[in-house]
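Hello,

Here is the structure I promised to pass on to you. Have a look at it first, and then read on for my notes.

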Amino acid sequence: MAAGSLTAGCAGGGTPDDGRPPRPPRTAAWTPAPVPSRPQQARRAAPVLAVKIDNARAARPHTGLGAADVVYVEPVEGGLSRLLAVYASTLPEAVGPVRSARETDLELLRQFDRPALAFSGAQRRLLPLVGRAPLRAEPPGRRPDAYFRGAGAVPHNLYVRPHRLLRATPGVSALTTGFSYGAAPDGGVPEPVRTVRYPAARFTFTWDGSRQRYRVALDGTAAATTDGRPVVPSTVVVQNVRIRPSGYADSRGHNTPYTETVGSGTAKVLRGGKAYDALWKRPEPGDGTRFTTVDGEPLNFATGQVWVVFVRA
C-alpha cells in the first residue's frame, strides 16, 4: 500500500531543524498553560511519556524503541517520516535520537491524559501552541539534565533519559487510546508481508511465526535497536487519514504536512500474519481511536507493541 505524495523538499541531513537552535532557550512558551482536567476517576498516577524520534537514515539504529507500547509513524517534510513513541509499561535507560515536534503531535496526543512529551524543539511559531496544549512539554531547554549528545552528527545524536522525566511508569491502563486487545476476529486474509511507502521512506512488515511478531524493515534494512535487538511489533495498523498542508514550514520554507487523526476512515490491521479490513473512529480530540471490523465489532489487537502507520486516504 502506498501513501500519496507529500510535500517535497527538506531532507533530514545535518541541516538545522525547523530553523531553531539545537538547544531551545528557556521561555514561557515551553510551560503548558492550565487546561481543564479530565474527571477525577480518569486521572492516572503518572503520565505516559511520548518521545519524538528521528527516522532519517543517519539516525539509525534507534535507541529504546523496542520498549515503546505504541509507535506512530508520521509523514513530515520532503516525503520523510518521524516516529512518535509512547511509553507506559517500561522506561528504557535512553531513547532517541530525539527530534522536533510537529502540529500533528498535539492533536494525536490528546488521546492521553496530559502526557509528557520529550522533543528537541519546534518551529518558533508553533511554540505557543505547544505551550497551550494539554501536555507536559519537556524539551532540552526546560530539562537539560534529561538529555545528552551521543556519537554522530548533530542533529541526529540527541538522546533523552526517560527516568529523569518520569519517576514511575503509569502502566498499560494509561494507554487511553481506545485500542482493544484480545482474540483475533474471524476472517482476515493471509498477508505475511506488507510494505508501506512514503515518497522518501519505506516500511516493510514481515510476519515471523517463530516470534509471533512482525519484523520491521526501514528503507529495506532490518530495524534493530542499538542493543542489537530487532524491532518486532505484535500488531501493525495502516491507518488511512487526510493529510493536508499545515500553517507551518521548516527552515527552508517547505510546508509541514498535517495529519488529521480526528474523524473516521478505513484501515488495515495486521496481526498473526493476516490482514483485516477495519474502520476507525475518533469523534473528538480527547477521544481514543477505536478500530472495528466492517460489521462494527471491536477489532482486537494482539498483546504487545503496536505500530500505527499514517497514510494518505
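**What lines the largest pocket**

The lining of the largest pocket divides into nine nonpolar, five polar and two charged residues. Please keep in mind throughout that this is a predicted model. The volume of this pocket comes to about 280 Å³. It is lined by 16 residues, and those closest to its centre are Ala 68, Asp 69, Thr 303, Gly 304 and Gln 305.

**Gln 305**

I followed up one of those central residues. Gln 305 sits in the loop between β17 (290–292) and β18 (306–312). Is Gln 305 buried or exposed? Its relative accessible area is 8%, so Gln 305 is buried, the cut-off for that being under 20%. The side chain of Gln 305 reaches the backbone oxygen of Gly 66 at 3.5 Å. Leaving aside neighbours within four places in sequence, Gln 305 is in contact with Leu 65, Gly 66, Ala 68, Asp 69 and Val 71, and also with Val 231, Val 232, Pro 233, Ser 234 and Thr 235. Two of these partners, Ala 68 and Asp 69, are also named among the residues closest to the pocket centre.

**The protein as a whole**

Stepping back, the protein has two helices and 18 strands. Of its 313 residues, 54% are buried. Among contacts with a separation of 6 or more, 67% are between residues 24 or more positions apart.

**Leu 166**

With a relative accessible area of 3%, Leu 166 is buried. Pro 47 is 119 residues away from Leu 166 along the chain, yet their C-alpha atoms are separated by 7.9 Å.

**A four-stranded sheet**

Next, find the open sheet of four strands, ordered β9-β10-β11-β12 and paired antiparallel. Why is one side of β9 and of β12 left without a neighbour in the sheet? Strands β9 (193–198) and β12 (221–222) stand at the edges and have a single partner strand each, so one side of each has no neighbour there. Strand β11 (residues 213–218) runs antiparallel to β12 and is joined to it by two bridges. Across that pairing, Ala 217 stands opposite Ala 222 in β12.

Back on strand β9, you will find Thr 195. Thr 195 counts as buried because its relative accessibility is 18%, and the limit is under 20%. Its side chain makes a polar contact with the side chain of Thr 204, at 3.0 Å.

**Thr 266**

At 41% relative accessibility, Thr 266 counts as partly exposed, a class that runs between 20% and 50%. The side chain of Thr 266 makes a polar contact with that of Asn 240, at 2.9 Å. Gln 239 is 27 residues from Thr 266 in sequence, and their C-alpha atoms are 6.6 Å apart in space. Leaving out residues up to four places away in sequence, Thr 266 touches Gln 239, Asn 240, Ala 278, Leu 279 and Trp 280.

Enjoy exploring it, and do write back with any questions.

Best wishes

Definitions and conventions: Residues numbered from 1 in each chain as written. Predicted model: local features only at pLDDT ≥ 70, side-chain atom pairs only at ≥ 80, totals over all residues. Heavy atoms only, no water. Pairing = 2+ DSSP bridges. Buried < 20%, exposed > 50% of the residue type's maximum accessible area, 1.4 Å probe, protein only. Polar contact = N/O pair within 3.5 Å; in protein donor to acceptor, adjacent residues only side chain to side chain. 1 Å grid on protein atoms, 1.4 Å probe; cavity = no way out; pocket = protein on both sides within 12 Å on 5 of 7 lines; lining within 4 Å. Points joined across faces, edges and corners; volume = space filled by probe spheres on them. Nonpolar A, V, L, I, M, F, W, Y, C, P; charged D, E, K, R; others polar. Contact = heavy atoms within 4.5 Å.
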